[in-house]
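Keep the sequence and the 3D view open as you read.

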Amino acid sequence: MATSYRISEAAALLGVSDDTVRRWIDGDRLAATRAGGPAQVDGADLARLAAELHDAPQPGATRSSSARNRLTGIVTRVVRDTVMAQVEIQAGPFRVVSLMSREAADELGLEPGVRAVATVKATQVSVDVP
């Protein structure tokens, strides 16, 4: 059985407005059917668009975040083993150390000299590439 969503449901799942979903439908970015009722978006098409919208950001841009404690700095040291990586960032007078998977460090291209943003929220530090 195929899953379909009304425009308002699709918008909520994608984190956009209903009008944005309507524009995407009108612009053929997202398919919708209107068989005797409100427009319906196919679940598989919605999943494809959701994955496309949330691809990794291009270098030089980070996604929005609710965290407000963002420390922009430069990577000074990266120590990798087979599973984990220790990343040190100098952000002004502050030295921030983050432990993350090696895969994450590799995907972010973290090496000494790379500009990075340490985001501190609760007891976790996330590192983004600006």
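A search of the whole structure turns up seven salt bridges, where a salt bridge is a side-chain nitrogen of Lys or Arg within 4 Å of a carboxyl oxygen of Asp or Glu. Before going on, a word on the ground rules: this is a predicted model, in which local features need pLDDT of at least 70, side-chain atom pairs count only at pLDDT 80 or more, and totals for chains, interfaces and linings use all residues. Residues are numbered from 1 along each chain as its sequence is written, and side-chain values use heavy atoms, with hydrogens and water left out.

Here are three of those salt bridges, with the N to O distance for each.

| D19 | R22 | 3.0 Å |

D19 and R22 sit three residues apart in helix α2, about one turn of the helix. Helices (H or I, at least four residues) and strands (E, at least two) are DSSP runs, numbered from the N terminus. D19 counts as partly exposed because its relative accessibility is 46%, and R22 is partly exposed too, at 37%. For these labels, buried means under 20% relative accessible area, exposed over 50%, and partly exposed in between (1.4 Å probe, protein chains only).

Salt bridges that share partners join R80, R102, D106 and E111 into one network.

Back in helix α2 (residues 18-26) you'll find T20, which is buried because its relative accessibility is 15%. Its side chain makes a polar contact of 3.0 Å with that of R23. A polar contact is a pair of N or O atoms within 3.5 Å; within protein, one must be able to donate a hydrogen and the other to accept it, and residues adjacent in sequence count only if both atoms are side-chain atoms.

Now for the inside. The largest nonpolar core has 13 residues, and V75, V87, I89, M100, L110, A116 and V127 have the most contacts inside it. Such a core is a set of buried Ala, Val, Leu, Ile, Met, Phe, Trp, Tyr and Cys residues joined through side-chain atoms within 4.5 Å. Strands β4 (69-80), β5 (84-91), β6 and β7 (115-121) each give two or more residues to this core, with the largest share, three residues, coming from β5. A second, separate core of twelve residues includes A10, L14, I25 and V41.

What does V127 touch, leaving aside residues up to four places away in sequence? Its partners are I89, S98, M100, L108, L110, A116 and V117, a contact being heavy atoms within 4.5 Å. Of these, S98 is found in strand β6 (residues 94-101) and is buried because its relative accessibility is 4%. The C-alpha atoms of S98 and Q86 are 5.8 Å apart, although twelve residues separate them along the chain.

Finally, the overall picture. The protein has four helices and eight strands, running β-α-α-β-β-α-β-β-β-α-β-β from the N terminus on. Of its 130 residues, 26% count as buried.
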